[in-house]
Amino acid sequence: MNLDGPIMGRWERPFVRVLGGLAALTLFFIMLLTCADVAGRYIFNEPVPGALEVTEFVMGALIFTSLPLVTLRQEQVTVDLFEQFIPRFVKPALHVLLNAISCACLAAISWRLWVKAGEMFSNGEFTAVLQIKVWPLVYYMSFQAAVTAFVLLLILIRNKQAETTAES
């Protein structure tokens, strides 16, 4: 088995293209909305109604759309203040432990978001200004958190396979 290849096998390229394209379109929409709102506010003295609310709503979608991609590429923001004090032989086990904890945390976040989305659906919660239903976004965020947890699980499996191959 080639451990240098994509983590998701043949599914990685379409996965990255779909989520990357969706994230790019989402960011482009936020940019257009912000430009229209600023132009409307300062040129026509008429801002886009609910622009802040829509931007906040879409920003949540953008963050959770990007999360699996950032995780897959292992491009998270890291703070390595104490890395110089950790012995070299401990670092691989530490990376496995941190990925396992991250996977468990994201699975828990996904579960809690799913529960919260169900509550929002039952209560009929809407945004304050535009009365947009909130529960579809929260279900989407839950799904993307689960996808990210799955990506972390694949990374853990890949690391275990690499460790096993290195030992033999």
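Me: Where is the place of Thr148?
Reply: This is a predicted model, and in it Thr148 sits in helix 4, the element that covers residues 135-167.

Me: And is Thr148 buried or exposed?
Reply: Thr148 counts as buried, because its relative accessibility is 0% and the cut-off for buried is under 20%.

Me: Which residues is Thr148 in contact with, leaving aside its neighbours within four places in sequence?
Reply: With those neighbours set aside, Thr148 is in contact with Leu67, Pro68, Thr71 and Leu106.

Me: OK, on to the whole thing: how many helices and strands does the protein chain have?
Reply: The protein chain has 4 helices and 0 strands, so that, read from the N terminus, the order is α-α-α-α. Its radius of gyration is 20 Å, well over the 15 Å that the globule rule gives for 168 residues, and the chain is therefore more spread out than a compact globule.

Me: What box do the C-alpha atoms fill?
Reply: Taken along the principal axes, the box is roughly 70 × 40 × 35 Å.

Me: Last topic, charges: how many positive and negative ones, and how far apart are their mean positions?
Reply: The protein chain has 12 positive and 13 negative charges, and their mean positions lie 7 Å apart.

Key: Residues numbered from 1 in each chain as written. Predicted model: local features only at pLDDT ≥ 70, side-chain atom pairs only at ≥ 80, totals over all residues. Heavy atoms only, no water. Helix = DSSP H or I, 4+ residues; strand = E, 2+ residues; numbered from the N terminus. Rg over C-alpha atoms; globule rule 2.2 N^0.38 Å. Lys, Arg positive; Asp, Glu negative; His and termini not counted. Charge placed at Lys NZ, Arg CZ, Asp CG, Glu CD. Buried < 20%, exposed > 50% of the residue type's maximum accessible area, 1.4 Å probe, protein only. Contact = heavy atoms within 4.5 Å.
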